[in-house]
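Thanks for coming. I will go through one structure today, chain by chain, and then look at a few local details. Please have the model open while I talk.

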Amino acid sequence: MSKNKEVIMSIQNLSKVFKSGVFRPEYTVAVKDVSFDIKPGTVISLIGESGSGKTTIGKLVLKLIRPTSGHIFYKDTDIAQIDDKEELREYYKKVQGIFQDPFATFNPLYRIDRVFNMIYESFAFDKSNQEEEIRKVLSDVNLNPDRILGKFPHQLSGGQLQRLLIARALLMDVDVLIADELISMLDASTRIGILNLLVELCKETGMSVIFITHDLNLGYYISDESLIMYKGRLVERGDTKKIYENPIHPYTKMLFKSVPEIGNRWDPDEEFLPEQVIQDVDLFYQTHTGKGFVEVEENHSVLYSAD
Amino acid sequence: MNEMRENILEIRNLKAYYMVLKGSVKAVDDITFNVKRGEILGLAGESGCGKSTLASALISRKPPLQHVSGDVELLGEEIMYMSKGEFQKMRLRNISLIPQYALDAFSPTKKIKTFIGDLVEEHEISADGKFFKKVKERLDMVNLDSSVLDRYSIELSGGMKQRIIMVISTILDPEFLIADEITSALDVSSQRYVATMLANLRDEGIIGSAMFITHDLSILYQIADRLMIMYAGQFSEIGPTDELIENARHPYTKALIASLPQVGIQYKDKKLYGIKGTPPHLLNIGEGCRFRFRCPYANEKCEETPEQEQVNEGHFVSCWRWEEIGSDDNE
């Protein structure tokens, strides 16, 4: 199977510009020149604050929007070339997304069984072992099938619904799962279970996860590799431990300074102003003009200038 | 007159239930605690633990939420049985609430200035030049240019809006501020700014004391003097911040702290665990510790509701087995 290949998905020089207004259009650069590869069986974190473009990348990979330039390769196929319905269906069999609000994902009028039955309908799966297969994936995500099947979404908790969606991805045997703020609506005591589950499934099935988050601690816990995004660009990337131990880009540094942590208090004497980072980044780029993206150590690169 | 009072707020056995057709949802059940003068008390717990209900119980109590029993004294005055008119006089000056989702309360069609004007006039404060001069001074304190007053809310970031909200809510220098999830919708950088701002407002004497409600224990750790933990409408534990974190005795507090990921902990090195199961439904819930359904230490004794017991100076816990459990297995 192709899952043994070195790279399952490759994102190359991806950009997305949104246009708003008709007569005097304004352009917003949401994603600018982003490239990265995803290896099978790994979790890669995409970390950034609101407006950094991390969700846009998720949407581009899921083909919900079209890139302005650049390419996304799934195995050897440029996904921009996928346009007939049959091919698109094949693509969605292998690349799926789970989003922040589980209650918005489910139709409240239908029993939750429908999300599984729909897979068998729309992807024309073999139905002979349907019941058994569904029960198996539910057990894999630590849900009791007898207590889950036949329920309506409002009868389940947010954590259970997110587990269901992971079970759904398992049933389809996806290669790449986009998890966009998957656990930000869940309570502390349930979210860690979901994270553990995701990592374990990656290791067992060879599935890859793009874990989109604003939470550095969660990103650190779960991922092998991290990508830090700021204003649509990748500003620092590489081995998660290396970035966390030695952040270099001013934006990454600012993120680390502001993340709240038990056992480690913010310095009360330090002048801290979120807006300050804009000037800091400009200054950083100016002093390093022309350097571009530089590898500072093995598997750790930093954007030194944005020209 | 109240200068010497040590506790700004005293809550005794407060019960506030949502009265619905099927019975009562016991969202705040027999809660006792104080808020001291000049402190920031952090109130933490997961969704549905009654932390926001506690705030509403103190301030508005809109049906179906009803005060069932218990006393609340604010600055020595009993407020649970006060008439609406009397209480309204205390609002903003003595007690002020920043509700959850206050960020979304800005009108999209009004300039910030007009919005603030309309808002304070509701409280019979005239929005004149003098008033706005004070507003501008306070905005300056939180690094906002006074030009934000002439902008519309969509032009401002979440962090800026939250700062404006904090400026308005504290404009009359309230003795006691309740801040409900003021950092949850913000980016980490703005979170730090807004949380620190709360501590600064207290240090500058603009607010007397504050109760900071959030599900995020790690933010409370940064600025709260004391922490209180609630679970499913019941009191679990209260204590000075460091004492509570290092010497937690309630199994729920312990599990909550243990489930928090921190920079420096990776899955492959150290696996963290959550708490199995979900909180119980609070509709007509009976006697007993409500954590017993998920608690690894639970036994028959836990069918009875535990009382608050003292662990250390200022550290209280509601658990039958806190002494046996000890604090050594923290971490």
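Let me start with chain B, which has ten helices and twelve strands. Keep in mind throughout that this is a predicted model.

On overall dimensions, a compact globule of 331 residues would have a radius of gyration near 20 Å, and chain B has 21 Å, so the two agree. Along the principal axes, the C-alpha atoms of chain B fill a box of roughly 65 × 50 × 45 Å. Of its 331 residues, 44% count as buried. If we take the contacts in chain B with a separation of 6 or more, residues 24 or more positions apart account for 66% of them.

Now chain A. Here we have twelve helices and twelve strands. The same kind of check applies: for 307 residues the compact-globule value would be near 19 Å, and the radius of gyration of chain A is 21 Å, which agrees. The C-alpha box, again along the principal axes, is roughly 65 × 50 × 45 Å. In chain A, 43% of the 307 residues count as buried. As for contacts between residues at least 6 apart in sequence, 67% of those in chain A join residues at least 24 apart.

Next, the cores. Which residues touch the most other members of the largest nonpolar core? That core has 91 residues, and the ones in question are B:A179, B:L198 and B:F212. Take B:A179 as the example: leaving aside neighbours within four places in sequence, B:A179 is in contact with B:I98, B:L198, B:A210, B:F212 and B:I213.

Now a helix pair in chain A. Helix α11, residues 250–258, and helix α12, residues 276–287, pack at an angle of about 145°, and their axes are 9 Å apart. From α11(A), the contact is made by A:P250, A:Y251 and A:M254; from α12(A), by A:V277, A:D280, A:V281 and A:F284. By class, the residues of this contact divide into six nonpolar, no polar and one charged.

How do the two chains meet? The contact takes 36 residues from chain B and 33 residues from chain A. On the chain B side, α6 (188–203), α7 (217–223) and α9 (251–258) each supply at least two residues. The largest share of that side, seven residues, comes from α6(B). Sorted by class, the chain B side has 17 nonpolar, 15 polar and four charged residues.

Last, some backbone details. The peptide bond from B:P63 to B:P64 is cis, with omega near 5°. B:P64 sits in the loop between α1 (51–59) and β4 (65–74) of chain B. B:R61 is found in the loop between α1 and β4 of chain B as well. Phi of B:R61 is near 50°, a positive value in a residue other than glycine.

Is B:R61 buried or partly exposed? Partly exposed, with 15 other C-beta atoms within 10 Å.

In chain A, A:N13 also has phi near 50°, again positive and not in a glycine. A:N13 is placed in strand β1, residues 9–20 of chain A. A:N13 is exposed, because 12 other C-beta atoms lie within 10 Å.

That is all from me.

Terms used:
Residues are numbered from 1 along each chain as its sequence is written. Chains are lettered from A and ligands numbered from 1 in the order in which they are written. This is a predicted model: local features need pLDDT of at least 70, side-chain atom pairs count only at pLDDT 80 or more; totals for chains, interfaces and linings use all residues. Helices (H or I, at least four residues) and strands (E, at least two) are DSSP runs, numbered from the N terminus. The radius of gyration is taken over C-alpha atoms; the globule rule is 2.2 Å times the number of residues to the power 0.38. A residue is buried if 20 or more other C-beta atoms lie within 10 Å of its own, exposed if 12 or fewer, and partly exposed in between; C-beta atoms are placed from the backbone. Two residues are in contact if their C-beta atoms, placed from the backbone, lie within 7 Å. A nonpolar core is a set of buried Ala, Val, Leu, Ile, Met, Phe, Trp, Tyr and Cys residues joined through C-beta atoms within 7 Å. Ala, Val, Leu, Ile, Met, Phe, Trp, Tyr, Cys and Pro count as nonpolar, Asp, Glu, Lys and Arg as charged, and the others, Gly among them, as polar. Axes are lines fitted to C-alpha atoms, for helices over the stretch in contact, and angles run from 0 to 180 degrees between N-to-C directions.
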